[in-house]
Amino acid sequence: MRKRIYIIIITLLAIVHYLNAGLYVDNKGKYGYLDESRAIDIPCKYDYMTEFTEKGVAIVQKRNKWGCIDENGKPVLKLRYLYISNFEDGFAKVSSEDGLGLINEEGEFVLTTQWGLIKPFNKSGIAIVGTKDGEMGVINRKGNIVCGLGKKISYYDSEYQRIDITPNMDTVPGFPEYFYINDSETFYYKAKGKFKYVRRETLRNIIMKAAFNCQGTDAMPTISGWSDFQDGIIKLTATVTVANSSKIGVAIAYYNIKEDKTVELLRFYKYKSEIEKGNTFKGTDIFLSYKFNCGYGCYTYIDQQGNTKSTIIDKYGKRVKYFNSAFGFNKNGYMIVKDSVNGKYGVVNTNFEYVINPEYDDVKLFRSEPVLPPYGKFLAKKDGNWGEIDINGKIMIPFKMKETFYSTADGLVGYSKDGEKFGLMNDNGKLITSCKFKTIYTSLSSKSVCGKLAGIGGKIYAYNLSTGDSTETGYDFFYDVIKAGNDYGGQIFILGTKHNNDSSYALIDGNLNLILDDISKKNDAIAIGQEIREKPFVKMSAIDYKRYKLLKSSAFRKYHTSDVVSESDWDY
Amino acid sequence: MRKILLLLSIVILANVSLWGKKIEDIDYKRSSIYSILVNHTDQKYAANIRDVFCKMPMPDKYNEHNLSVRILTTGNTTPNDGSEFLKKNHVASRLVGKWFNRNQQTGECNTELIKERGLYNASEFDKMMAEQIIRGNSMLEDAGEELIANTFVIVNDIRYIDAEQQAKAGAAAAAVFAGILGAVTGAVTGSRDLGRAVTGIGVAAAGIISTIKGFKVIVHTYLYQLEWNDEIADYFYNNIYSAVPDRNKVALFNSNKDAFKLKYIGKQISKGRDISCMGVNLDTPDQMIIKACTRAIDENCANLAKNFEQFKIKEKIVTASPIIVPIGKKEEITENSRFEVLEASENKDGRVTYRQVAIIKPSKGLIWDNRYMAKEENAIGSSLNGTSFYKVSGGEIVPGMLVRELKSSKN
């Protein structure tokens with residue numbers, strides 16, 4: 001009896017080597033499945049098996065043939081395929097003699113095995129597929145082709161390197177449900193869960209016809225990209241040269257792409273559509289337009305008399321209001337305008353009622369934003385002095401300053417009482433530094449700034465806003481500031497010309513630590529700052545920098561197998 | 001009955017502890033590689049091969065030890081082993097320089113890279129170097145043996161195989177062969193039909209070859225090892241290594257670079273295998289080129305590792321039941337491969353020793369395909385994340401143990 005019990009115990013322990021979440025392997029290496037309730041009991045007979053999907057399907061392999069079974073052990077896909085990959089994002093790739101296919105978690109074919117290329121689905125629920133002959137297309141998660149075959153598009157390979165094939169497929173920043181294919185000039189978008197499209201040619205012809213009374217092959221328009229979508233409306237800007245008629249101009253139009261993919265032109269404006277060839281064209285300098293917000297679009301133009309004019313249009317393209325100048329509505333429904341009667345600046349709401357009366361001579365927006373920032377503060381000039389107010393008319397910085405500017409640091413305001421020496425305040429008017437800088441350079445965080453101290457030589461001082469410490473950098477000029485990660489205190493300053501040596505540049509971080517100096521070229525300093533800005537802080541010596549440069553350059557340079565390479569090309 | 005229960009408890013406890021037992025992880029030290037391309041400039045796709053070479057991933061079982069010069073050219077059609085270049089340019093001394101981050105101008109050195117790759121206790125290592133304790137220091141000896149002495153140069157001579165030319169040559173050969181065979185059979189049988197049929201096969205074969213959509217390369221990989229022994233180490237630490245600028249040591253290093261040498265180990269020639277175009281966009285030649293070149297170099301590295309003891313890699317066992325190890329087809333593993341399982345232990349001086357505890361073989365049909373872009377083509381086993389093994393002989397195997405391929409494998 002004892003012997004029998006021993007044998008049973010030892011056998012049991014020997015058989016079940018591996019018991020983890022139902023999947024187990026016997027001592028012959030065969031896979032089976034047994035869940036805790038014994039509702040699923042697949043004996044150990046497969047050479048390989050995966051966990052069951054949420055839909056109750058597992059991938060199995062036996063004698064080098066792959067298939068799928070359900071929780072009863074019945075075949076969902078027969079053991080006849082060359083290979084089935086693990087499920088990822090709800091799909092598994094199936095290989096057969098004919099090509100690649102795709103199954104869903106229920107084991108159903110979404111794409112039959114006839115393809116040469118199947119890329120993973122992106123966030124928009126589309127994936128790029130290719131035939132074995134190299135024709136490309138786009139499918140949705142149901143396997144339907146939403147973008148026809150024959151179109152060759154770009155994708156990212158396993159190393160996340162973009163493979164450039166024309167035409168390119170791009171998504172609209174911030175709007176993953178929209179993407180367009182450059183070469184075919186087709187704009188795809190999702191409406192009610194379905195992919196729809198509109199051809200850019202359609203939009204172009206509309207704008208061409210409306211703006212220049214021509215269309216088709218006699219025109220050579222350059223559409224300067226799609227704007228992002230706002231309120232379901234796209235803004236399209238085109239620079240157009242019309243052949244044989246000496247016409248050139250910029251046109252702007254607002255379109256409403258409807259769910260039934262028809263396109264409705266809301267409004268267009270053209271700027272000097274009949275400029276003679278040879279004239280200097282400065283359309284982008286003088287033409288402003290704003291994307292839709294709170295149901296209104298806005299475009300600003302110079303009229304034939306040279307005056308600035310702004311027009312507000314509604315969602316139906318109807319012109320609803322005019323101002324001497326308007327900045328476009330922000331998301332909260334406020335807009336800075338220049339009153340058509342007194343020529344002063346104020347703020348209106350979406351009912352075009354003044355919430356701040358038009359009594360300011362000039363305004364400045366934070367970071368040169370196109371519209372009033374959401375928190376509603378802005379610098380304004382009144383009676384010759386600058387100050388800051390908010391959307392409720394509350395004075396944040398009193399109107400006593402000869403000059404003010406927004407630093408690119410969050411909330412910092414540069415100010416000067418005499419117009420010569422500058423200091424800094426936060427945007428609640430709290431003093432950060434007194435007016436002692438001859439120049440203050442814009443910075444990207446509120447931790448430190450660079451400036452030239454008034455009256456103390458000409459050197460750049462780095463000023464730590466937290467401690468009030470200022471450090472002479474030894475450099476004469478400030479060139480640039482790069483937004484950087486926390487390791488760099490949020491920013492990297494690029495300074496140059498050390499002690500009258502005109503070939504010396506340095507990188508200093510937002511905590512005022514020297515990252516790298518003795519860089520011989522300004523562009524190199526900017527390039528290296530850009531490259532390391534998001535990487536962990538690594539203090540780099542000049543010799544490391546030289547090696548870094550060599551690795552970047554010499555690695556691609558060719559040397560003959562019998563060459564003695566110059567020492568300067570070797571890093572060690 | 002009590003005895004039975006007691007016995008049962010002991011057996012179960014013993015097994016439970018066995019399931020959960022893990023040896024303390026001991027990280028092994030990887031070999032370091034400097035990889036060079038010999039580019040045949042007069043050949044088709046030479047520029048493409050050159051462009052992709054610097055983008056190719058370093059074989060992931062090795063540490064990158066590249067110097068700034070990576071691409072050599074030759075107009076010669078014969079393979080070049082790079083030995084002339086390596087010697088003329090004192091590459092061995094530069095590899096040593098890189099290990100110690102040596103400043104060419106001032107001679108200053110440090111041991112940051114050794115500490116990083118050797119996983120040494122940083123403060124102890126610094127103290128040891130500062131005190132100039134050279135002899136009899138196990139940590140330094142270990143660094144020498146396990147790291148610096150395992151520095152390799154691989155010179156990859158890559159040449160494009162012109163499939164079209166080969167197809168034409170193949171077709172011509174097949175046609176000649178078929179013609180002769182046809183004539184002979186015709187003479188024997190008195191019929192020309194069979195001859196025609198054979199000629200037809202020749203043309204069909206050529207047709208198949210000529211329609212291969214793929215890019216084929218043949219790669220000669222030459223392996224060199226940095227010589228590093230007690231004598232060289234003593235010379236370096238006593239005469240060259242300096243934590244501060246030292247002109248005399250710079251002068252000595254520059255005048256005596258031949259004190260450091262590379263030793264030729266052997267070569268490997270890839271088989272110029274056809275690379276599947278599945279998962280590859282056929283409109284991007286560079287993608288096919290990088291796939292073909294990477295796979296050929298990986299194949300050569302794997303075969304060099306099989307053939308030369310000093311270049312062998314070790315890898316950790318991830319799970320013990322089933323036995324899964326993250327190596328696969330890239331390492332040229334086949335169903336006939338055999339591996340020894342090694343138990344690593346660290347002595348009181350911190351040196352690692354290995355003891356064989358078992359022999360294992362890959363399970364049929366469960367070899368991981370970890371070759372470059374295998375996942376894109378959905379190659380068999382590409383999503384396994386490791387190869388499954390079964391034990392042929394030996395004792396207990398637990399996760400964390402290392403495996404090393406046995407040379408006697410028949411592949």
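This is a predicted model: local features need pLDDT of at least 70, side-chain atom pairs count only at pLDDT 80 or more; totals for chains, interfaces and linings use all residues.
Reader: How many residues of strand β10 of chain A are buried, and which lie on each side?

Author: On one side of β10(A) are F91(A), K93(A) and S95(A), and on the other are A92(A), V94(A) and S96(A), with both faces covered. In a regular strand the side chains alternate between the two faces of the sheet. The strand, residues 91–96, is largely enclosed by the rest of the structure, because the number of its residues that are buried is 6 of the 6.

Reader: Which strand do 6 bridges join to β10(A)?

Author: Strand β9 (residues 83–84) of chain A pairs with β10(A) in the antiparallel sense over 2 bridges, and Y83(A) has S95(A) as its bridge partner. On another side of the question, S96(A) is bridged to G99(A), and a hairpin of 2 connecting residues leads from β10(A) to β11(A). The strand joined to β10(A) by 6 bridges, running antiparallel, is β11(A).

Reader: Is I389(A) buried or exposed?

Author: I389(A) belongs to strand β36 (residues 385–389) of chain A, and its contacts beyond four places in sequence include I356(A), F378(A), M396(A) and F399(A). Since buried means under 20% relative accessible area, the 0% relative accessibility of I389(A) makes this residue buried.

Reader: Which element gives the largest share of the largest nonpolar core?

Author: Of the 41 residues in the largest nonpolar core, F100(B), V153(B), W228(B) and F236(B) touch the most other members. Elements of chain B that give two or more residues to this core include β4 (151–161), β5 (216–226) and α10 (230–240). The largest share, 6 residues, comes from α10(B).

Technical notes. Residues are numbered from 1 along each chain as its sequence is written. Chains are lettered from A and ligands numbered from 1 in the order in which they are written. Side-chain values use heavy atoms; hydrogens and water are left out. Helices (H or I, at least four residues) and strands (E, at least two) are DSSP runs, numbered from the N terminus. Buried means under 20% relative accessible area, exposed over 50%, partly exposed in between (1.4 Å probe, protein chains only). Contact means heavy atoms within 4.5 Å. A nonpolar core is a set of buried Ala, Val, Leu, Ile, Met, Phe, Trp, Tyr and Cys residues joined through side-chain atoms within 4.5 Å. Two strands pair if DSSP finds at least two bridges between them.
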